[in-house]
Amino acid sequence: MRNIGILAHVDAGKTTLTERILFLTGATYKRGEVHDGTTVTDFDPQERSRGITIFAAAVSCDWNGHRLNLIDTPGHVDFTDEVERSLRVLDGAVVVLDGVAGVEPQSEAVWRQADRYGVPRIVFVNKLDRPGASLPAAVHSLRDRLGVTPLVAQVPVEGGVVDLVARQSIVWADGVPVVEPVDGFTAERRRLEEAVAELHPAALEELGAMSDETLRQAMRELTLAREAVVVLCGSAYRNIGVEPLLDAVVSYLPEPGGSAAAPLAALVFKVQTGRQGRLTFVRVYNGTLTAGDTVWDAAAGRSERVGRILRVQADRHTDVGRATAGDIVALAGVKAARPGTTLSTRDNPSLLVAPVTAAPLVSVAIEGRTRADAHRLPGALAALVEENPSLSVRTDAESGQTLLSGMGELQVEVAVARLRTAGLDVTVGRPQVAYRETVVRGVAGLVYRHVKQDGGAGQFAHVVLDVAPGDGFTFGSAVSGGHVPAEYVRAVEAGCREALTHGPLGGHPVVGLRVTLTDGATHSKDSSEMAFRAAGRLGLRAALASCEMALLEPVADVTVHAPAETLGGVLGDLAARRGQVTGSTMDSVTALVPLASLFGYATDLRSRTRGRGTFSTSPAGYRPAA
């Protein structure tokens, strides 16, 4: 079995590649096309109308006696959380590069995500049939931008590729591969052997007379150790290079571990509501799961009953009855488990590490147009957030408006469109970005006394706080002499964390500070953890009101590709949007731009470049707002 993801920058061709894989493995009878809206994995109406992947889609197929569970992931930065949750449950990945563009901004982002979860990868350089495509340039971008050691296992030839490991040419005639031994390409084979020998002792011993099997085994071991990356090439759209890629997935990427006889441990990574009702997608790490089983959610302290177990084919499913260690399946009947939930047994409860959820950056005010719509809206929003934890819903304390927040303008736009597709008539305000507040200059020795008497047991807590700039949020105690017991120190920290949700400048979350409890006092009867928690919360709010604060805004790395004759206008427009140019070439420019200035940029860029300009973005953190 292989559990792999298809990762890429938007428009690199990963969905087309997935469609070719499904066709070649017999999972589908017809090749789906992105431009025709006939793909298996991009089955949501939003995906088909926009021509991009929005939701991670799982599919299963068989290749040469191996079960392949594939997840086709989004390439747009707004949906990076879908990639994050997918990578958490995958054992390997195929990273698809555009043969013309090479490593692009989102290629770097998904590479870092895969690094975070220790996922071994191979690279498929796609679209080599396009004018300007270059395998050497793409390989150079791997070294230069990702800092990896590429092991180039194929080189392109007319209508096919040369496999340098097996020393054979593979040319596709009417979609059918014709394999023949090949003479020549000794220099390319030699470079591959030398690259492997530099990193692998056993291969080094055979340098000069290295067998195909030694080379292949060394490449597998280097891939699994993430010391190097095997590079293959082709054109998925032209059906070139897909079969060798499938062979490489089996040869170089890892099989899942785990034991079917061990106690059950399965991680929920996706929830989807559709024609089958609520489906809960899980990766089984250990044990065996059977339809009808009762499983235990240790974090929530509740049990769930598994009604059916389904083998997934995007929006189509097949009952399988049971799943064992290594399987990725969908469960019907599980009602409350959310992404990140661990399902185990009550007798052997376990908790697996949940995937990281990114903080939302863009918000819109949303309300139902009619009373009936307003009544249905909270439930519909809750269902969206359940499916995609990177969305969030909250009520603004001052205006009372319902705010829907997401990773970017496109993600929020898609969420609103899904509400309307479900029959809700909603009005939406202008997008707003998620600001933060930070401490520029702190205060020392702020005294706060929390004293409350209302006839019953009183509350008393006395704290002295120092606040200074820092990284993230850190809390420490310098109290001596036992003036504040340890359990009350923990309560003060908890109260301080509560105070970070609303800063003094505009009620935005506060980041970048260090708080130190330097002194305090207790009362023999009226002191409690609750009192010191309140003192921490209210004391830090008072301290922040005395600090010099700064407003931070989210910024994005923006890469614009446009004809050279239009770049002057592009640069001027970026400057007007408060962008800071970080690099440029004859037909591209990179800049750091406030996210708030990018609303509507796609339309403006098309206008300035006569429809020929494109751009991509990736989050770049926060900086002081101008």
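Student: To start, how many helices and strands does the secondary structure of the protein come to? After that, please take me closely through the contact of α6 with α8.

Tutor: Happy to! Keep in mind that this is a predicted model. The secondary structure comes to 15 helices and 36 strands. The C-alpha trace spans about 95 × 65 × 60 Å along its principal axes. For 626 residues, a compact globule would have a radius of gyration near 25 Å, and the 28 Å of this protein agrees with that. Buried residues account for 52% of the 626 residues. Of the contacts between residues at least 6 apart in sequence, 71% join residues at least 24 apart.

Now to the part you asked about. Helix α6 covers residues 186-197 and helix α8 covers residues 212-224; their axes come within 10 Å and cross at roughly 50 degrees. An angle between 35 and 65 degrees falls in the oblique class, and α6 and α8 are therefore oblique to each other. The crossing in which α6 passes α8 is left-handed. On the α6 side, the residues that meet α8 are Arg189, Leu192, Glu193 and Val196. On the α8 side, their partners are Asp212, Leu215, Ala218, Met219 and Leu222. Sorted by class, this contact holds 6 nonpolar and 3 charged residues, with no polar ones.

Helix α10 (residues 371-387) and helix α11 (residues 409-421) pack at an angle of about 130 degrees, and their axes are 11 Å apart. That angle makes α10 oblique to α11. The crossing of α10 and α11 is right-handed. Here Leu377, Ala380, Leu381, Leu384 and Glu387 of α10 meet Ala415, Arg418 and Leu419 of α11. By class, the contact of α10 with α11 has 6 nonpolar and 2 charged residues, and again no polar ones.

Take valine 428 to begin with, which sits in strand β25 (residues 426-428). Valine 428 counts as partly exposed, at 34% relative accessibility. Leaving out residues up to four places away in sequence, valine 428 touches Val364, Ala365, Ile366, Val416 and Arg420. Leucine 404 lies 24 residues from valine 428 along the chain, and their C-alpha atoms are separated by 9.5 Å.

Valine 570 belongs to helix α14 (residues 567-576). With a relative accessible area of 1%, valine 570 is buried, since the cut-off for buried is under 20%. Apart from neighbours within four places in sequence, valine 570 is in contact with Val560, Ala562, Val589, Tyr601, Leu605 and Thr609. Threonine 609 is 39 residues from valine 570 in sequence, with 8.0 Å from C-alpha to C-alpha.

Finally, glycine 307 is in the loop between β16 (302-305) and β17 (308-313). Glycine 307 is partly exposed, with a relative accessible area of 30%. Not counting residues up to four places away in sequence, glycine 307 touches Ala291, Gly292, Ala332 and Gly333.

Technical notes: Residues numbered from 1 in each chain as written. Predicted model: local features only at pLDDT ≥ 70, side-chain atom pairs only at ≥ 80, totals over all residues. Heavy atoms only, no water. Axes fitted to C-alpha atoms, helices over the stretch in contact; angles between N-to-C directions. Helix = DSSP H or I, 4+ residues; strand = E, 2+ residues; numbered from the N terminus. Parallel < 35°, antiparallel > 145°, perpendicular 65-115°, else oblique. Left-handed = near helix turned anticlockwise from the far one by under 90°. Contact = heavy atoms within 4.5 Å. Nonpolar A, V, L, I, M, F, W, Y, C, P; charged D, E, K, R; others polar. Rg over C-alpha atoms; globule rule 2.2 N^0.38 Å. Buried < 20%, exposed > 50% of the residue type's maximum accessible area, 1.4 Å probe, protein only.
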